[in-house]
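Keep the structure open as you read.

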Amino acid sequence: MRNPFKIIWLMFRFRNPSRVVEMKAIRESFWLRKNYSAMTFFGYILVHSQEEADTINAHTNNSSNLKRHETIHLRQAQSLHNSWFCFYTLYIWYCLRALPMNRHMRNAAYRLNPFEMEAYEHMYEEDYLDKCSDGANGWRVYARMKPRERLKLSKS
């Protein structure tokens with residue numbers, strides 16, 4: 001569906017992060033930038049094509065790395081007072097704080113976001129989601145660092 005208002009419909013249907021049992025992938029490329037594979041949005045995974053959505057939905061128990069990455073974001077939202085609002089507010093805040101680092105690294109506002117740093121670090125660990133069933137808190141270590149420190153860490 002190419003309807004940009006579908007995303008608004010999803011926002012009104014959202015559930016608290018702890019009530020999301022399985023993150024379903026849906027095709028919604030209007031809001032997703034071309035160079036990004038997927039995006040977590042209120043308990044759904046937005047992808048560019050229906051084939052990608054079908055592939056992600058076919059994987060059970062977060063067996064695909066992409067699905068695991070997005071599910072880590074779900075766990076992060078659970079660790080933030082079980083609130084999508086808190087998660088997205090902090091996510092935008094960390095992106096804005098890292099924006100000046102774009103001079104030193106492409107997509108730094110995204111790559112130096114503490115939420116993304118934790119998700120990228122653990123997306124290949126098959127048992128990571130079992131370890132953090134009550135919420136992923138690894139992002140807090142990166143959040144204590146200044147953006148410049150995170151830049152140095154990511155380049156090493």
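Two strands count as paired if DSSP finds at least two bridges between them. Keep in mind that this is a predicted model.

Q: In which sense do S2 and S3 pair, and over how many bridges?
A: Pairing takes at least two bridges between the strands. Another joins Thr 40 to Ile 45. S2 and strand S3 (residues 44–47) pair in the antiparallel sense, over four bridges.

Q: In the hairpin of S2 and S3, which residue takes a positive phi?
A: The hairpin has two residues between the strands. A phi near 50° belongs to one residue there, Phe 42.

Q: In which sense do S1 and S3 pair, and over how many bridges?
A: Look at S3 from the S1 side. Ile 26 stands opposite Leu 46 in S3. S1 and S3 run in the parallel sense, and their bridges number four.

Q: What is the strand order of the open sheet?
A: The sheet has three strands, with mixed pairing. S1 and strand S2 (38–41) each pair on one side only, which makes them the edge strands. From one strand to the next, the twist averages 30°. The order is S1-S3-S2.

Q: Which residues of S3 are buried on one side, and which on the other?
A: In a regular strand, side chains alternate between the two faces of the sheet. In S3 both faces are covered. One side holds the buried residues Tyr 44 and Leu 46; the other holds Ile 45 and Val 47.

Q: Which strands does H3 touch, and what angle does its direction make with that of S2?
A: H3 packs on the sheet. The strands it touches are S2 and S3. With the direction of S2, the direction of H3 makes about 30°.

Q: Is Glu 70 buried or exposed?
A: Glu 70 lies in helix H3. Its contacts, leaving out residues up to four places away in sequence, are Met 23, Ala 38, Met 39, Thr 40 and Ile 45. The cut-off for buried is under 20% relative accessible area. Glu 70 has 4% relative accessibility, so Glu 70 counts as buried.

Q: How far apart in space are Glu 70 and Trp 93?
A: In sequence, 23 residues separate the two. From C-alpha to C-alpha, Glu 70 and Trp 93 are apart by 19 Å.

Q: What should the 15 residues of helix H4 span, and how far apart are its end C-alpha atoms?
A: Helix H4 covers residues 84–98. The expected span is 1.5 Å times one less than the number of residues. For H4 this should come to 21 Å, and its end C-alpha atoms agree, lying apart by 21 Å.

Q: Which parts of the chain does the pair Glu 22 and Lys 67 link?
A: The two side chains meet in a salt bridge at 2.2 Å, N to O. Glu 22 is partly exposed at 43%, whereas Lys 67 is buried at 1% relative accessibility. The partners are 45 residues apart: Glu 22 is in the loop between helix H1 (6–12) and strand S1 (24–27), and Lys 67 is in helix H3 (residues 65–79).

Q: Which residues do salt bridges that share partners join into one network?
A: Glu 125 and Lys 131 form a salt bridge, with the closest N and O atoms 3.8 Å apart. Lys 131 also meets Asp 127 in a salt bridge at 4.0 Å, N to O. Lys 131 is exposed at 56%, while Asp 127 is partly exposed at 40%. The network joins Glu 125, Asp 127 and Lys 131.

How values were computed. Residues are numbered from 1 along each chain as its sequence is written. This is a predicted model: local features need pLDDT of at least 70, side-chain atom pairs count only at pLDDT 80 or more; totals for chains, interfaces and linings use all residues. Side-chain values use heavy atoms; hydrogens and water are left out. Buried means under 20% relative accessible area, exposed over 50%, partly exposed in between (1.4 Å probe, protein chains only). Axes are lines fitted to C-alpha atoms, for helices over the stretch in contact, and angles run from 0 to 180 degrees between N-to-C directions. Contact means heavy atoms within 4.5 Å.
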